[in-house]
Structure formats: structure tokens, C-alpha cells
Amino acid sequence: MKLNLNHSPGINLFTSNEERFVTINHIRYDTALIVTPERIIPGWATGFDALTADDFVALVTLGPKIVLLGTGRRQRFPAPALLRPLIEAGVSVEPMDLPAACRTYNILALENRPVAAALLFK
């Protein structure tokens with residue numbers, strides 16, 4: 001799905017997404033990654049079924065107030081125990097399918113909100 005948006009220079013924004021990849025500022029990524037308005041961190045996790053609490057600790061260190069967890073082609077919910085690092089840090093976690101995570105991230109990033117997208121493709 002191609003996303004149309006008004007681009008703000010210096011902010012990472014999704015320009016399209018498909019089932020097995022996303023493009024950020026017109027650059028393709030096909031591995032799990034974390035995206036913030038300032039940073040792109042590829043290789044975040046190996047997949048939804050392999051998530052650990054340590055994967056979420058990495059998100060806490062980035063300082064977001066909202067984490068959009070893109071869980072692939074369908075919305076899935078991780079075990080609450082895995083989210084403990086984010087919950088204890090007062091970070092809101094919103095699991096959603098990948099296209100919804102990309103759209104929502106763009107809106108929040110353009111509003112200068114402290115957001116991170118953590119994306120999984122499988």
C-alpha cells in the first residue's frame with residue numbers, strides 16, 4: 001500500500017508498506033525493525049512467536065511514550081509479561097496489523113509525538 005503524505009524533512013516516515021516489507025523515506029526494509037522519527041534500527045526481533053521481554057527493553061531505552069507494535073498481516077497480542085518493561089516505564093503499547101501501525105505512526109510522528117513503531121513481518 002502506497003501512503004501519501006506531506007513529508008517533513010528530517011523525520012522518518014513510511015512511504016509504503018506490503019506484507020513482507022516497508023519503505024521508509026523511499027528506502028526498503030524487510031527485516032523486523034524499530035522506527036522513531038529520528039532513528040531506524042533494523043534487526044529488532046526474529047518474529048512474533050520468538051518475542052522476549054528483552055526485545056521490549058530495547059524500546060524503553062529510546063524514550064517513546066507510545067509504541068505501535070505492528071504484528072504482521074493480522075493483529076496479534078503478546079503475552080502481558082513480555083510487555084512489562086514498557087508498562088513499568090509508563091509507555092503505552094498498541095498492537096495492530098502492519099498497515100495500521102504504519103499509518104498511525106505517520107500521523108503521530110507528524111504531530112511531533114514521542115512515538116516508536118516496532119514492526120514484525122512474521
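Me: How do strand S1 and S2 pair, parallel or antiparallel?
Reply: Strand S1, residues 14-17, and S2 pair in the antiparallel sense over 3 bridges, where two strands count as paired if DSSP finds at least two bridges between them. Strands here are DSSP runs of E with at least two residues, helices are runs of H or I with at least four residues, and both are numbered from the N terminus. This is a predicted model, in which local features need pLDDT of at least 70, side-chain atom pairs count only at pLDDT 80 or more, and totals for chains, interfaces and linings use all residues. Residues are numbered from 1 along each chain as its sequence is written, and side-chain values use heavy atoms, with hydrogens and water left out.

Me: Which residue in S2 is the bridge partner of Ser16?
Reply: That partner is Thr23, and the two strands form a hairpin with 4 residues between them.

Me: OK, new topic: which residues of the largest nonpolar core touch the most other members?
Reply: Among the 22 residues of this core, they are Phe14, Val22, Leu33, Leu68, Tyr105 and Leu119. A nonpolar core is a set of buried Ala, Val, Leu, Ile, Met, Phe, Trp, Tyr and Cys residues joined through side-chain atoms within 4.5 Å, and buried means under 20% relative accessible area with a 1.4 Å probe, counting protein chains only.

Me: And which element gives the most to this core?
Reply: H3 does, with 7 residues.

Me: How much of the chain is buried?
Reply: Buried residues make up 49% of the 122 residues in the chain.

Notes
Buried means under 20% relative accessible area, exposed over 50%, partly exposed in between (1.4 Å probe, protein chains only).
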